[in-house]
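Subject: Structure for your review

Dear colleague,

Please find the structure below, followed by an account of what was found in it.

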Amino acid sequence: MNQDQNPLTDTRGRGLRDLRISVTDRCNFRCVYCMPKEVFGSDHHFVPRQRLLSFEEIQRVARLSTHLGVSKIRLTGGEPLVRRDIEVLIEELSQIPGISDICLTTNGSLLTAARAKNLKAAGLTRVTISLDALDERRFAAINDVDFPVSKVLDSVDYALNAGLLPVKVNMVVTGHLNDDQLLPMARHFKGSGAILRFIEYMDVGNSNGWQLKQVIPAGEIIRLINQEFPLEPVGANHAGEVASRWCYQDGSGEIGVIASVTQPFCHSCHRARLSAEGRFVSCLFAEGGFDLRALLRSDASDEVVVDTLSRLWSLRDDGYSEIRTEQTVGLKKVEMSYIGG
Ligand code: SAM
Ligand code: SF4
Ligand code: SF4
């Protein structure tokens, strides 16, 4: 089972390093670009509990995936903090030899000061908190549940104080919803200790009505911020880092841009995803993925699971963002809330 001698790569020579695990498809927000109310309304059928992967199953996949090269885990969703006792899962994951980094992406709404400390104590390395606007009306129009900005800002402070570092703040920039928030967000987080990252709006799933014209290109984002706060590029922290990094010339911190649409980074994509119901997905834009839960719930040995994952990865040729056109937008794809960002 040991792949150390012969590292596993896909058909394009990419190794598997990161596993993004969606622990739930549920969320207390209804962000219009992710879980619009028209699609995720009160009659929406979420994955029933018995079909969600248990903590034991998630832990097993994580442990076995280290044999394929995984060293980093990101917990996501839906909203991962709505999954009960997630601290217990984090503690189990942190004890797996070979896992050196456990991150969590959250909307921040359920992160109290005490919870941030508990997550850190359980073994969480760091958090990324999503916030798309500082203006209350803009933010409410995006989260669509009237959630206040101040509570998310508090959660950033709780994470910083708990040492869940580096704390990153994700802002998805869309031309029709929040492009006027770019500079206010940059002003607010400059010098705060949190790293603001601007994400180009993507055509994930089939429910958000994405249009290319709504994407604000990373180059434009950098140009706008540079006009007010001069920036200079910084090298990547590690090979395969998705964000390109820029630092403020006055030394007051850095920002990142994730240009998935205008500057695709498929050539260095080392991520696989595990959906809340246990589908193994090798690309954010995949159609459905492989039903790993069925295998886990059969009598399959660890060897069989590792062999299956290795086969899936070695056959992988994904590169959706490199071939995205207006024509590919209509393809059937997994929703973001099932597989996480
Ligand atoms: N609920 C958590 C949150 O919002 O942070 C975790 C799950 S959410 C799907 C993960 C990240 O994906 C968030 O930062 C969110 O803003 C981002 N995201 C969701 N839909 C997106 C889209 N269509 N394009 C780009 N990013 C998106
Ligand atoms: Fe929920 Fe996160 Fe999707 Fe917003 S982006 S609806 S917070 S899962
Ligand atoms: Fe990776 Fe697929 Fe995104 Fe390309 S489109 S970076 S292969 S997840």
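In this predicted model, Ala113, Ala116, Lys117 and Lys120 of helix α3 meet Tyr158, Ala159 and Ala162 of helix α5; contact here means heavy atoms within 4.5 Å. By class, that contact has 5 nonpolar, no polar and 2 charged residues. (Ala, Val, Leu, Ile, Met, Phe, Trp, Tyr, Cys and Pro count as nonpolar, Asp, Glu, Lys and Arg as charged, and the others, Gly among them, as polar.)

Helix α3 covers residues 113–122 and helix α5 residues 149–162; their axes lie 9 Å apart at an angle of about 40°. Axes are lines fitted to C-alpha atoms, for helices over the stretch in contact, and angles run from 0 to 180 degrees between N-to-C directions. The two helices are therefore oblique to each other (under 35 degrees counts as roughly parallel, over 145 as roughly antiparallel, 65 to 115 as roughly perpendicular and the rest as oblique).

Helix α3 also packs with helix α2 (residues 86–94), the axes coming within 8 Å and crossing at roughly 25°. That makes α2 roughly parallel to α3. Ile86, Glu87, Ile90, Glu91 and Ser94 of α2 make this contact with Arg115, Asn118, Leu119 and Ala122 of α3. These residues divide into 4 nonpolar, 2 polar and 3 charged.

Turning to the ligands, ligand 2 is surrounded by Cys27, Phe29, Cys31, Cys34, Met35, Gly78 and Asn107, where a residue is near if one of its heavy atoms lies within 4 Å. Its shell has 5 nonpolar, 2 polar and no charged residues.

Around ligand 3 are Phe265, Cys266, Cys269, Arg271, Arg273, Cys283, Leu284, Phe285, Arg316, Asp318, Tyr320 and Ser321. Strand β10 (271–274) and helix α10 (320–323) each give two or more residues to this shell. The shell around ligand 3 has 7 nonpolar, 1 polar and 4 charged residues.

For the chain as a whole, the secondary structure comes to 11 helices and 12 strands, taken as DSSP runs numbered from the N terminus (helices H or I, at least four residues; strands E, at least two).

Residues are numbered from 1 along each chain as its sequence is written, while chains are lettered from A and ligands numbered from 1 in the order in which they are written. Local features need pLDDT of at least 70, side-chain atom pairs count only at pLDDT 80 or more, and totals for chains, interfaces and linings use all residues, with side-chain values using heavy atoms and leaving out hydrogens and water.

Yours sincerely
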